[in-house]
Amino acid sequence: MQEALEKKTIEDIITKMKKNNRKTDTKLIMKAYQFALEKHGDQKRKSGEPYIIHPVQVAYTLAELGLDDSTICAALLHDVVEDTSATYQDLVTGFGQEIASMVDGVTKLSKLNYESVEEEQVENYRKMFLAMGKDIRVIMIKLADRLHNMRTLKFLARERQIANAKETMDLYAPLANRLGIYSLKWELEDLSFKYLYPEEYREIVEGIAKKREERLQFIDRIEEQIKQELKKQRIEAEITGRAKHLYSIYRKMKRDNCTLDQIYDLFALRIIVNSVKDCYAALGVVHELYNPMPGRFKDYIAVPKPNMYQSLHTTLIGEKGTPFEVQIRTWDMHRIAEYGIAAHWAYKEASFAKGKKANVTVTEDKLAWLRETLEWQKDMQDPQEFLNTLKTELFEDEVYVFTPRGDIKVLPRGSTPIDYAYSIHAEIGHHMTGCKINSKMMPIITKLHNGDIVEIITSENSKGPSRDWLKFIKSSTAKNKILAWFKKNQREENMEKGKELIEREIKRIGMEHSELFKPEFIQGALNRYKFNTLEDMYASVGFGAISSGKVIARMLEEYRKVHKEENVEEKIEELTKKEPVKRTSQSGIIVKGIDNCLVKLSKCCNPVPGDNIVGYITKGRGVSVHRSDCKNLKDLFGDDENRMIDVYWQSEDASSYQVDIEIYANDRSGLLADIIAQIATTKTKLIAVNSRANKERIAITEVTLEVENLEQLNQVLKVLRKIDSVYEVKRKK
C-alpha cells in the first residue's frame, strides 16, 4: 500500500478532488503545484527522491479526507517559505491571504534565536496552536505532513527515527484523536510503534499472521449469521470485518499483562445502518444472537465523545467462548469517525451512501478544548510545563458525570467537583463552598467517577477560590478561571495601593492632586513607561514594578513645560535622587561599659523592648541578647558567669523587633482571616503566617510580627485572645 501511495501524482490529486467536489478549482491547484515544483527545483529528500514528492503526498492525503481547494494548495506549498527562496509575501500575491496564512501557520520559527532546543520546540507548538485557533485546517496539513514523514522514516538515522516517533506518539497521534480523525490516528500510532518498539512490533505482526486465516474464518461465520438476522428484521446494513490496530493490541497486552494468544478480539465487526433507530434495533439483534460480555457496552450515540465520535460498542461471546467486538453506527457517524473535524469540509456537496447528502457542521462546543488550550498556553513560560500540560490536554481520558437535572458533563479523568463547578460557570466555582456526590456531602477534592451525580453548594459570602485548589484540579478550564480570578483581584488591590502611594507622593512635594493630575501630564508618564491606561500605571506602582517618585517626576517634567517654575527643578531632583538609607541601631541595645559592640538579638526567644534581658559574650560574634526567662540560658552559660554581661534597651531608639506568636483554636471557617484582621486593627506589621490543622481539628497558627515595644506586643496578644474559637495565645519560646 505504501509503495502505491508514494507514486501519487498531481493528476491523482485532481481526480480525487473532483470525485469529492465537482467545483474543484483545477487551475489554482495546478498553479500551486507548478510554483512548488519550480521553487523546490533540484532539492532532494533523504531518500534521494525529488522533494516535490513530499508536498504531493501530503496534498493527496488531504484530498482523501475531502478538504477544500485552498487547503490542497496550502499543502502543496507548505514547505516553500521554510526551504526555498519564496517569501510569505510571494504567497499572498500569488495565492491570496487565506492560503498564505495556512502556509505560515505550518512554517517553523527557524529564523529566530532560542536559548534551548526545548524552547524552540515549544514556540513552534505555540505558533501551531495559535494558527489552529484561526484556521483548524493548519493542523490538518501538519498531520498529513507528519504522516508522510513517518511513512518515509526509514531513511533517517536511528536517533532521529526514535525522536520523531516519540514526538508523533506523544503529540500528533493524540491530536488526530482529539480531532476525531481516526484514519490518521491509527496509522500514526502504528508507524511510531514500529520504530519505538521494533522487537514487539515484529512479534505481533508475525503472531497475527500465523492465525490470520483461522480468525478470518471465525469473523466470516459471525458476519453471515448477523447479516441473515438483520435481513429478517428488514434492517438495511453494511457489515465489514476490521482487524485491531497493532499499537492497540500492544497496549492491551501491556495493560492486561497477557500474551498475544490470550487476546481473542483481534478482529471486530462494524455494522453501518441508515438511522439511529436502526442502530439500537441492530444492537438488539446481535444481543439476541450472542451473549453480551458484562460491563463492555458503551453508548457513544447518547453520550458522544468530545471529538464528535458516535457509535455503539459491545463485546459479545461467540462460539467456544471467544469474545469479539461489534461497533454499530449510521453512515453520517461513520464518516465523522473516519474524518473527524475534516467532515466539516469533506463531502459538503457530494452524496454519501446511496445519494444521501451530508449535513455536518462543527459547532462551537466541539472545539471548546482548543479555545481553552489557547488560553492557558499564553502565559506558560516553562517549556517542560507547557509540553506536559499540552500532552495532558490531548490525551483523551475522560470521566462522564451528571448534573442533578440529568445533563451530562465530560471532564478529564481524575477531575474533582472543583473542575465540575468551573465547567458550569466561573461564578459557580468562585462561590463554591461544598459539594454533594450522589446526594452525600463529600470533600471538594474528591475524584469523580463515571455516573456520579454532582451537586455544587455555593455561598454569596464565599471569599473566592483557594490557591490550594490548583494542586487538585485537572481541567485547564478550572485552572484558567482560578488564575484569572487571582490576577483580577490582585490587580484591584495593586491599583488601590498604587493610587495611595502616588497621592502620598504628591502631598509630600507640597502640590495639590488637581494641580498635577491633568490629562496632558498623565499622558506623558503613560507614554514614557509604556502604560496603556492610568489603571495599568496604578497597578504597576502598587505592585512595586516602578516607584511613585519616578511617575510623579515624569509628570512634573510635563508640568514644567507649561508653568516654567524654578522650584519644579528642585522637586524633580528630590524625587529622582536615591533616598538615603536610614541606618538606625539594628538592635536598640546598650552594652554596659562597651561602645561600638556587635550586638545580636537571639532568635530562640526574640526579646522585644520591655523584656528583661541579659547579654552573653560569644566567641567572635559579639554579644548575644536573650530574655531573662529564655530556656536556653542554662545550656549557654552553665556555671560560667564570666561570659554574662549587663545590657539595656536604648529607650530613644525607634527600631522595630520581630516576635513569634503561637495561636491555638478550634478549627473553623474564616479563622485565619479573623486573626489577620485583628492584628491589622493594632497597626502591627505582619511578617509571616503559617497555619495548619491536626487530626483533632485543632488549628495551630504561627505568626511573626514586627513590634516596637512590649506594650504593642501585649496589645496584639490581648485582641487575639478575644477571637472566637481561640483558647490559647502565647509567645514562642
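**Helix packing and nonpolar cores**

In this predicted model, helix α24 contributes E520, F521, I522, G524, A525 and R528 to a contact with V551, R554, M555, E557, E558, Y559, V562 and H563 of helix α26. Sorted by class, the residues of this contact comprise seven nonpolar, two polar and five charged ones. Two packed helices are described by the angle between their axes and the distance between the axes. For α24 (residues 519–528) and α26 (residues 548–563), the axes come within 8 Å and cross at roughly 135°. An angle over 145 degrees would count as roughly antiparallel, and one of 65 to 115 degrees as roughly perpendicular; α24 and α26 are therefore oblique to each other. Their crossing is right-handed.

The crossing of α5 and α8 is right-handed. On the α5 side the contact is made by S70, T71, C73 and A74, which meet E98, I99, M102 and V103 of α8. By class, this contact holds five nonpolar, two polar and one charged residues.

In soluble globular proteins, nonpolar side chains tend to be buried together. The largest nonpolar core here has 58 residues, and the members that touch the most others are I13, L62, I72, L76, L77, L91 and L143. Helix α10 (residues 137–151) gives the most to this core, namely eight residues. I72 illustrates how the chain is brought together: when neighbours within four places in sequence are set aside, I72 is in contact with I13, M17, I29, A59, L62, A63 and L67. Another core lies apart from this one; it consists of 37 residues, including L230, I239, Y247 and I263.

The chain as a whole can be summarised as follows. Its secondary structure amounts to 30 helices and 21 strands. The chain has 733 residues, of which 47% count as buried. Among its contacts between residues at least 6 apart in sequence, 66% join residues at least 24 apart.

Methods
Residues numbered from 1 in each chain as written. Predicted model: local features only at pLDDT ≥ 70, side-chain atom pairs only at ≥ 80, totals over all residues. Heavy atoms only, no water. Axes fitted to C-alpha atoms, helices over the stretch in contact; angles between N-to-C directions. Helix = DSSP H or I, 4+ residues; strand = E, 2+ residues; numbered from the N terminus. Parallel < 35°, antiparallel > 145°, perpendicular 65-115°, else oblique. Left-handed = near helix turned anticlockwise from the far one by under 90°. Contact = heavy atoms within 4.5 Å. Nonpolar A, V, L, I, M, F, W, Y, C, P; charged D, E, K, R; others polar. Core = buried A, V, L, I, M, F, W, Y, C linked by side-chain atoms within 4.5 Å. Buried < 20%, exposed > 50% of the residue type's maximum accessible area, 1.4 Å probe, protein only.
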